[in-house]
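Please open the model in your viewer and follow the stops below in order. Each stop names a selection and then describes what is found there.

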Amino acid sequence: MKKYFAIAFSCLILSCTPSALRIKQSGRYSSSEHKTIDVRIISGAEKLNIFSSARLISKSFSSVSSSTRSIDVKSSEVKSEILFESSDGIIGVNGVKYRGSLIIRKIGTRIEVCNRISLEDYLKGVVSCEMSGNWHVEALKAQAVAARTYAVYFLNKKSNINYDLDCTTSFQVYKGYSAESQSGNTAVDKTSGLIMTYDGEPVLSFFHSTCGGWTSDNGDVWSGKNLPYLKRIKCEHCSDSPKYKWKETISANEIKSLLLKNGKQTGKIKSINLKRSSERVIAVIIRHSNGEIVLTGNEFRRIIGAERLRSLYFTTSVRGKNILFDGKGWGHGVGMCQYGAKRLAEKGKDYSYILKYYYSGVDIRKGY
């Protein structure tokens, strides 16, 4: 059901669609592909320090000798692609350690670094970044399968970029060997090769911290078709999250300033309408003396800042010259609620139950 809420002051909305959201038909899925991936970990660098506790190996960088443990690389020295490896399989760049090897490329006048790594080892650097390594192993296993599926979904796409994934929230957070935990690695190993599929294809397995009581259809958060496995469901398991409920007060002047900073000029604001689908704000209509501005919920969240406007599950009210945001949850609300997964695991549910609870109609099977 669509609802409209009006407030007579200045409040806005702008789009925060992650670059990873490219909803389109996937090609036929091959179980034998994509076992090794390139993850972009650094871009726009002028200088790097490559290091290892063992021996560095590079056939394409002449400064590396049999005794080299650490070396600086300047952008001016990179003429073509350079591969760095380590004799013990652990290599570092700028203080962070990674499994696998490093690929250095010149992009314009700067350096880009990719970590070439097996998919399973990549996941070990993801799981404990996206979910606490202290959580129940069944929750961590659910996270491992969701993260593996998410990676495979994008590995199955055609792209003209030099890497498969990057290490940010544009895809999923990855901090390499330095971020691994024993429990996270166990979760990856115990679910080795398992992914979620729908009609035989890897699913777009979004996840988020805290849903606030309801997850969301993907179409209510981003543009594109509703995916049948990303349906809005009731979740009564995340109330112990520190972000289950939140409040934020922002002055009308600051909101107007943030709009202007993002290229949205307004006259005197007369009213704000919030358009909802179920619990979440999907649009904000700002009426002002010179006309009207229509912004998506995600646009508004991007303008205000995701650390302040923690989700689109919020209401607004005027407090003098301020706007009070009263909200629930942390993140976009689509797919698996991580705090919900934590609680379900603590109640004795296994990773398969957790995943099928949050992703409707999926199968869990082996495959790359």
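Select Glu248 and Phe325: the latter, in E20, is the bridge partner of the former. The model is predicted, with local features requiring pLDDT of at least 70 and side-chain atom pairs pLDDT 80 or more, while totals for chains, interfaces and linings use all residues. Residues are numbered from 1 along each chain as its sequence is written, and side-chain values use heavy atoms, without hydrogens and water.

Now extend the selection to E15 and E20, which run antiparallel and are joined by seven bridges. Strands (E, at least two residues) and helices (H or I, at least four) are DSSP runs, numbered from the N terminus; strands pair if DSSP finds at least two bridges between them.

**Stop two: the hairpin**

Select residues 314-319 (E19) and 322-328 (E20), antiparallel strands joined by six bridges. Arg319 has Asn322 of E20 as its bridge partner. Two residues lie between the strands of this hairpin, and Gly320 in the turn has a positive phi of about 65°.

**Stop three: two packed helices**

Select H1 (residues 119-130) and H3 (residues 182-190), which pack at about 135° with axes 8 Å apart. Axes are lines fitted to C-alpha atoms, for helices over the stretch in contact, and angles run from 0 to 180 degrees between N-to-C directions. Contact (heavy atoms within 4.5 Å) involves residues including Leu123 and Val127 of H1 and Val188 of H3.
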